[in-house]
Amino acid sequence: MDFTLKTYKRLIQTFMDKGYKCLTYESYCVNKEEFDISLGKFVILRHDVDEFAGNALKMAEIEHSLGVRSTYYFRVVKQSNRPEIIREIVKLGHEIGYHYEDLAFAKGNLEHARKTFEENLTYFRTFYPVKTVCMHGSSISEFDNRSFWKNYNLSDFGLVGEPYVTTDFIKVFYLTDTGLAWDARKFRVWDNVMNTFNISYHSSNEVIKAIKQGSFPEKCLMLAHTLWSDNLLQWSLLHMREFLRNNLKYMAQRNKILNRIYTKMVITYWGLPKK
Ligand SMILES: [Zn+2]
């Protein structure tokens, strides 16, 4: 079974055993130049808490037990924005950021997006002095939330980093578990960056093996969502759901009727305003 909390622990432990420094996204940004040119190995640990905030807390506890810190990006939707969990994760010493999707919510209206972005950032700053934010790829939206930064600067909001904007992906390998696989590229809508490494891994065991053998890149930004679970029932349901969702999402991009069905399902699930 892949994508369990046990596997996650093994993965982080392997990074540590092989001399990788585990970084939060903010700590990478603050010393970016030094990290990008140095010969030292590192892995930035980033979590997008799209949903299942309870699982985020479990991952945070595992990291804490291993003595590492990571960054958790929270959305404003109810499946993610759970104040009691955010507080617990902060208490464990981790970093919190805002997983924004304001441009998609505002249907491309920049001024409106700026207003809600600021309000939501202020809200998350009541838990933690947030310095980095990360876009949520809204699979049903035609708007790329990142294009917000064509009009505004991170410093306008007292921010120092956005993984998609301020990471040098020529030097830093991007590893993401979107779609519950490390190589589900065709199912990603927005979660893509320029990949110059020309390597891919399917399972966590493949990643672990590569780290152990020394063939894994020395600088990495790893995105792990919160679908990792040791609960057999939850694990089975999530894997089944992701399989169906991935395929529906893929087909919906090519078929108008399926697109309408998929959009309706997404709006209902997240409780988003109707289009
Ligand atoms: Zn997301």
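Visitor: How is the packing of helix 10 and helix 11 to be read, and at what angle do they pack?

Guide: A pair of packed helices is described by the angle between their axes and the distance between those axes. Helix 10 (residues 232-252) and helix 11 (residues 256-270) pack at about 130°, with their axes 8 Å apart. Axes are lines fitted to C-alpha atoms, for helices over the stretch in contact, and angles run from 0 to 180 degrees between N-to-C directions. Helices (H or I, at least four residues) and strands (E, at least two) are DSSP runs, numbered from the N terminus. The model is predicted: local features need pLDDT of at least 70 and side-chain atom pairs count only at pLDDT 80 or more, while totals for chains, interfaces and linings use all residues. Residues are numbered from 1 along each chain as its sequence is written.

Visitor: Which orientation class do helix 10 and helix 11 have, and which residues make the contact?

Guide: Angles under 35 degrees count as roughly parallel, over 145 as roughly antiparallel, 65 to 115 as roughly perpendicular and the rest as oblique. Helix 10 and helix 11 are therefore oblique to each other. The contact (C-beta atoms, placed from the backbone, within 7 Å) joins L248, K249, M251 and A252 of helix 10 to L258, N259 and Y262 of helix 11. These residues divide into 5 nonpolar, 1 polar and 1 charged, where Ala, Val, Leu, Ile, Met, Phe, Trp, Tyr, Cys and Pro count as nonpolar, Asp, Glu, Lys and Arg as charged, and the others, Gly among them, as polar.

Visitor: Which residues of helix 4 meet helix 5, and how are the two helices oriented to each other?

Guide: The axes of helix 4 and helix 5 (residues 83-91) come within 10 Å and cross at roughly 10°. The two are therefore roughly parallel to each other. On the helix 4 side the residues are A53, G54, A56, L57 and A60, and these meet I85, E88 and I89 in helix 5. The contact divides into 6 nonpolar, 1 polar and 1 charged.

Visitor: Is A56 buried or exposed, and which residues is A56 in contact with beyond its sequence neighbours?

Guide: A residue is buried if 20 or more other C-beta atoms, placed from the backbone, lie within 10 Å of its own, exposed if 12 or fewer, and partly exposed in between. A56 is buried because 29 other C-beta atoms lie within 10 Å. A56 belongs to helix 4 (residues 53-66). Apart from neighbours within four places in sequence, A56 is in contact with H47, V49, Y72, I85, I89 and T226. The C-alpha atoms of A56 and S229 are separated by 10.0 Å, although these residues are 173 residues apart along the chain.

Visitor: Which members of the largest nonpolar core touch the most other members?

Guide: A nonpolar core is a set of buried Ala, Val, Leu, Ile, Met, Phe, Trp, Tyr and Cys residues joined through C-beta atoms within 7 Å. The largest here has 56 residues, of which V43, I44, A56, Y72, F74 and M222 touch the most other members. Leaving aside neighbours within four places in sequence, I44 is in contact with L23, Y25, Y28, L221 and M222.

Visitor: What is the phi of F3, and what is the phi of F52?

Guide: Most residues other than glycine have a negative phi. F3, in the segment before helix 1, has a positive phi of about 60°. F3 counts as buried, since 21 C-beta neighbours lie inside 10 Å. F52 has a positive phi near 50° and is found in the loop between strand 2 (42-49) and helix 4. With 19 other C-beta atoms within 10 Å, F52 is partly exposed.

Definitions and conventions:
Two residues are in contact if their C-beta atoms, placed from the backbone, lie within 7 Å.
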